[in-house]
Amino acid sequence: MPAAELLSAGFEAADVAEHPWVVRWDAVGDVEDLVLSHLPDTVDLRTSGTTGQPTTWRRTREQLWREAHLLAGLLRPDAPRALVTFAPPRHLYGALAGVLVPAILGVPAWHRPRYFGAMPDERGGAWAVTALPWTFSILGRHREWVAAAERITILHSTAMLPPSAAETLGEMGAGRARLVEVFGSTEAGGIARREGDGPWELLPDVTFAGPVTPGEYEVSLEIRSPRIATRPGEPPRESWRTDDFVRPLDERRFVFAGRRGRLAKVNGRRVPLDELEHAALAVLDCADLAIQPVSAELSGEALTLLVVAHPGSGLTEAGVRAAVSRLGLGSCGIRLVGHIDRTETGKLRRVGG
């Protein structure tokens, strides 16, 4: 697809968001002039719909271009020669990392919108990968393609790393793979980044909105940034309070404690559901799983574990309970289901209990 055609069609166009394509940004002369002349003054992008109906958020062309430069800077040290993206361009992360970042880097970009399908025909060299949680299992299925790469830099966002990430990175070997995680949201844009299991560090143009007192306490994450989006018709915002709880370490770093909508209190103990799901995936061989908080008469809130079994596996509720009992889930409700409703970025949609 010609670069100008992709930009003119818009990030939500079916040919851009739903079908595979390749754009040869390495063949474009003045990339900045092309991008800024084809993008509209403002671009509307929607939330993923994890907490209800998607909400539209508006950004200026300059805000998008600024953030794309920040993300490109995270990949540039490894000098990638090409990029493959699995992130849907109709969402902010996919538009930035899958379209505008390769434009800035001047490298060809391949879009792969589905779980099943071929990797780019070209092999070898240094690759950048714009990843979602399910990207790691895709890389695991294409071991020959991965093995042929000189090195791979993975840019991951939208959710916690899945258990398959460690296995995939381990198979790539030390020195051949680098993983960079980006913490952010549709409303705030990119907020922080990290490599490894250490704390998150705010991106250069982001600050905490208020005074920071490091300590063993958790606070709602509120930030200031020049890239915060607005709802159509509303004035620009200088700060944004996210749905995340963090533990500040200093003026620039924090430890993530959990999302407001993914924290449950059971018998007086606060449980981070995302972490619990990942621990369950590590001990249970299944196609998918999710944990839902539901109302309980005695404890106020209880948990239900939804499990999608592999076809023909013979998995039973008793087998699930035995596998997860060591995680403290022995008393939770267990349901075997045919599928789990997720957004196209892999997040669990909120379902009433």
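Two strands are said to pair if DSSP finds at least two bridges between them. Helices (H or I, at least four residues) and strands (E, at least two) are DSSP runs, numbered from the N terminus. Please bear in mind that this is a predicted model, in which local features need pLDDT of at least 70 and side-chain atom pairs count only at pLDDT 80 or more, while totals for chains, interfaces and linings use all residues. Residues are numbered from 1 along each chain as its sequence is written, and side-chain values use heavy atoms, with hydrogens and water left out.

With those terms in place, strand 8 and strand 9 (residues 189–194) run antiparallel, joined by five bridges. A hairpin of three residues connects the two strands. Within this pair, Phe 183 has Ala 192 of strand 9 as its bridge partner. On which strand does strand 8 (residues 177–185) pair in the parallel sense? The partner is strand 7 (residues 151–156), again over five bridges. There, Ile 154 stands opposite Leu 179 of strand 8.

Let me turn to the whole chain. The protein has ten helices and 19 strands. A compact globule of 353 residues would have a radius of gyration near 20 Å, and the protein agrees with this, since its value is 21 Å; the radius is taken over C-alpha atoms, and the rule is 2.2 Å times the number of residues to the power 0.38. Along its principal axes, the C-alpha trace spans about 65 × 50 × 35 Å. Of the 353 residues, 47% count as buried, that is, under 20% relative accessible area with a 1.4 Å probe, protein chains only.

Finally, the cores. A nonpolar core is a set of buried Ala, Val, Leu, Ile, Met, Phe, Trp, Tyr and Cys residues joined through side-chain atoms within 4.5 Å. The largest has 61 residues, and those touching the most other members include Leu 7, Trp 25, Val 35 and Ile 154. Helix 5 (residues 92–105) gives the most to this core, with eleven residues. Setting aside residues up to four places away in sequence, Val 35 touches Leu 7, Trp 25, Trp 65, Leu 100 and Ala 103, where contact means heavy atoms within 4.5 Å. A second, separate core of 18 residues includes Phe 183, Ile 223, Ile 228 and Val 246. Trp 65 is also among the buried residues of helix 4.

How values were computed:
Buried < 20%, exposed > 50% of the residue type's maximum accessible area, 1.4 Å probe, protein only.
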